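Me: I'd like to learn how to read a few features of this structure with you. Could we take them one at a time, starting with burial?

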Amino acid sequence: MNELQKPSAGGLPKVLPVLAIAVLAASGGAWFATGGGGGGDDARGAQSSTEPAPVASSAEAGAAEASSMTDDELDALQATLERSQLLPVDFRTVPDFTLSDVDGNPLTASILDNRWSLAFFGYTHCPDVCPITLSVMKDVVAELETRDVDPMQVVFMTVDPVRDTAERMKEYVGFFSEDFVGITGELNDIHELTRSLGIVAAFTANDTDPDNYLVDHTASMLLVDPERRVRAKFTAPHEVATIVNDYLTIQAALN
Amino acid sequence: MNRLTFLAVSLLLANAALAEMPQISDARIPLPPPGSPVAAGFLTIVNPDEQTLVITGASSPIAEKVELHLSMVVDDVAKMQRQDELVVDPGATLALEHGSYHLMFMGMSAALAAGDQVAVTLDTSAGTLDIVFPVGEHAAGSKGHGNGGKSSTSDTTTHEGMTHGDENQEMPPMEMPNSTTDGQ
């Protein structure tokens, strides 16, 4: 008998109405991420989108530091990166949220303040991509600790909070590192946040087994600066050396 | 040699060449995090036969079910797609590995520990194959071909006592009930 922790009302039937929302949210997220609504353009490598105004002119965007860059400077920096995609400084700021940490206590966006974070979105019923990515991140953090650079905070947020309770997340995330921040919470709150960040989280029903549904999720990790701004996407495949090098390059230029 | 001998030898060789059994190597399960409800199994399969090899399913005592899956990243979205079967063309090699095809163990009866030897049965067009998958010491790092990540292969070979760097070591003898030849 399956001894896994089940949601109180049981698998798919409870999730079904939310599935509809999730599908809409995923579509909305995809729409939003591809520039719907105006102003939320993805920078794609060197071919950066034309910004309506140079970043340097919006000095009120918290730029007392070198993190404000012109498009040309961004392009030049992008050309030196191995795999990450730089984003304009006004691409997305992580909105306020109240979710849950692995002890079931409230967790807010303040965890992002005053440090650099790399956020990954996945789920524990993911046998391949998620454990590998977290394992890579463990090696990345270990390597960065030997370098003279701002430490990187690793955040792993589940896109499947119905199955990924705080208890499960604590065990799972803790296996990789006690310092990784595991985040779960109410399904609607999680998906409101992922939608706002352009992160895809789409449930796929398993035709043979409703409880063992799969979740498609964004493969990239998001680099968030000390002011909660999303500055880059670290794209798959995730490799230790590549992430370390790109993080060092970005730190040197933007910090 | 005379023609008759040549013919006899050819027939013998042809007969031995029929029903070449699949060659399995590098079977492994990276250590899943504790409390993980699923695990991934990887291996390499060579089909030396002239017939296409079709893998139609798998089972294991450690899991309620084992499914065949394909991982992929499409437009920056990581997905898994259940496969009804895996096909290995004649003479071809199929690698089940991170980011690609894998066995997905679901409904696990107990947590796996490093060093466990997991029995898996593959249902194939060449008969059932019993394979032992060792559970690795670590959740595998990245793919392990020329990058900075840890290779699950080197981890398991080091800790399993296999020759370091030996990637094609045969697994322990398999039962092959349908095999009529032993000329390997």
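This is a predicted model: local features need pLDDT of at least 70, side-chain atom pairs count only at pLDDT 80 or more; totals for chains, interfaces and linings use all residues.

Me: Where in chain B is B:L112 found?

Reply: Look in the loop between β8 and β9 (117-124) of chain B.

Me: Which residues is B:L112 in contact with, leaving aside its neighbours within four places in sequence?

Reply: They are B:I29, B:L31, B:P32, B:A39 and B:V135.

Me: Now the interface. How many residues of chain B are in contact with chain A?

Reply: The size of an interface is often given as the accessible area lost when the parts come together. Here we can count residues instead: 33 of chain B are in contact with 31 of chain A. On the chain B side, β2 (38-46), β4 (63-74), β5 (77-83) and β8 (101-108) each give two or more residues. By type, that side holds 16 nonpolar, 13 polar and four charged residues.

Me: Which strand of chain A is joined to β5(B)?

Reply: That is β9 (residues 214-218) of chain A, running antiparallel to β5(B) and joined to it by two bridges. To find a bridge on screen, pick A:H217, whose partner in β5(B) is B:A78.

Me: And what does chain A contain?

Reply: Chain A has six helices and 11 strands, and 45% of its 255 residues count as buried.

Notes. Residues are numbered from 1 along each chain as its sequence is written. Chains are lettered from A and ligands numbered from 1 in the order in which they are written. Two residues are in contact if their C-beta atoms, placed from the backbone, lie within 7 Å. Helices (H or I, at least four residues) and strands (E, at least two) are DSSP runs, numbered from the N terminus. Ala, Val, Leu, Ile, Met, Phe, Trp, Tyr, Cys and Pro count as nonpolar, Asp, Glu, Lys and Arg as charged, and the others, Gly among them, as polar. Two strands pair if DSSP finds at least two bridges between them. A residue is buried if 20 or more other C-beta atoms lie within 10 Å of its own, exposed if 12 or fewer, and partly exposed in between; C-beta atoms are placed from the backbone.
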